[in-house]
Amino acid sequence: YTSIQFASYEIYKENLSFVSSNAASSVIAGSLAGLTGVVSTYPLDTVRARMALQMERGGAPGTAYSGVLNALFTIGKEE
């Protein structure tokens with residue numbers, strides 16, 4: 001999460017050079033970087049949590065997800 005946020009902050013900061021105020025461009029770049037970090041990591045964090053809960057409840061018989069990709073597609077399709 002943090003590495004994505006820092007990398008995207010630098011990219012947004014460069015592309016916001018047209019904003020006259022340095023403080024405004026920093027705030028906008030930081031907000032967009034935070035959004036980018038969350039949007040890119042939240043789905044995988046959701047899958048991790050659900051698969052951990054699945055294993056905690058016993059796992060194998062009637063498991064909801066067979067792997068990470070299966071969980072991503074199933075969650076995307078059903079929710």
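What follows is a quick briefing, grouped by topic.

This is a predicted model, in which local features need pLDDT of at least 70 and side-chain atom pairs count only at pLDDT 80 or more, while totals for chains, interfaces and linings use all residues. Residues are numbered from 1 along each chain as its sequence is written, and side-chain values use heavy atoms, with hydrogens and water left out. In short, you're looking at a protein with three helices and zero strands.

**Overall layout**

- Starting at the N terminus, the elements run α-α-α; helices (H or I, at least four residues) and strands (E, at least two) are DSSP runs, numbered from the N terminus.
- The protein has 79 residues, and 20% of them count as buried. Buried means under 20% relative accessible area, exposed means over 50%, and partly exposed is in between (1.4 Å probe, protein chains only).
- Take the contacts (heavy atoms within 4.5 Å) with a separation of 6 or more: residues 24 or more positions apart account for 46% of them.
- Accessible areas come from the Shrake-Rupley method with a 1.4 Å probe, and for residues only the protein chains shown count as cover.

**How confident is the prediction?**

- The mean pLDDT (the predictor's confidence in each residue, from 0 to 100) is 86 for the protein, and 90% of its residues reach 70 or more.

- Which residues of H3 are buried? They are Ala71, Thr74 and Ile75. Looking down the axis of H3, you'd find its buried residues within an arc of 95 degrees, so they line one face of the helix. That arc is taken from the directions from the helix axis to the C-beta atoms.
- On the other side of H3, you'll find Leu69, Phe73, Gly76 and Lys77 exposed.
- Leu44, Val68, Leu69, Leu72 and Phe73 make a nonpolar surface patch of about 500 Å². Patches are made of residues with over 30% relative accessible area and no salt bridge, with like charges joined within 9 Å and nonpolar side chains (Val, Leu, Ile, Met, Phe, Trp, Tyr) within 5 Å.
- Helix H3 (residues 68–78) gives the most to this patch, with four residues.
- Phe73, one of the patch residues, lies in H3 and has a relative accessible area of 62%, so it is exposed.

**Residues to look for in helix H2**

- Ala29 lies in helix H2 (residues 22–56) and counts as buried because its relative accessibility is 0%. Leaving aside neighbours within four places in sequence, Ala29 is in contact with Tyr9, Tyr12, Lys13 and Leu16.
- Ala29 and Asn15 are 14 residues apart in sequence, and their C-alpha atoms are 8.9 Å apart in space.
- Ser25 is also found in H2, and at 5% relative accessibility it counts as buried. Not counting residues up to four places away in sequence, Ser25 touches Lys13, Leu16 and Val19.
- Ser40 is another H2 residue, but it counts as partly exposed, at 33% relative accessibility. Ser40 and Gln5 are 35 residues apart in sequence and 9.7 Å apart in space, C-alpha to C-alpha.

**Salt bridges**

- How many salt bridges does the structure hold? There are two. A salt bridge is a side-chain nitrogen of Lys or Arg within 4 Å of a carboxyl oxygen of Asp or Glu.
- One of them joins Asp45 and Arg48, whose closest N and O atoms are 2.9 Å apart. These two sit three residues apart in helix H2, so about one helical turn separates them.
- Asp45 is partly exposed, with a relative accessible area of 39%, whereas Arg48 counts as exposed, at 51% relative accessibility.
- Arg50 forms a salt bridge with Glu79, and here the closest N and O atoms are 2.7 Å apart. This pair links distant parts of the chain: Arg50 is in helix H2, Glu79 is in the segment after H3, and they are 29 residues apart.
- Arg50 is partly exposed, with a relative accessible area of 28%, while Glu79 counts as exposed at 63% relative accessibility.
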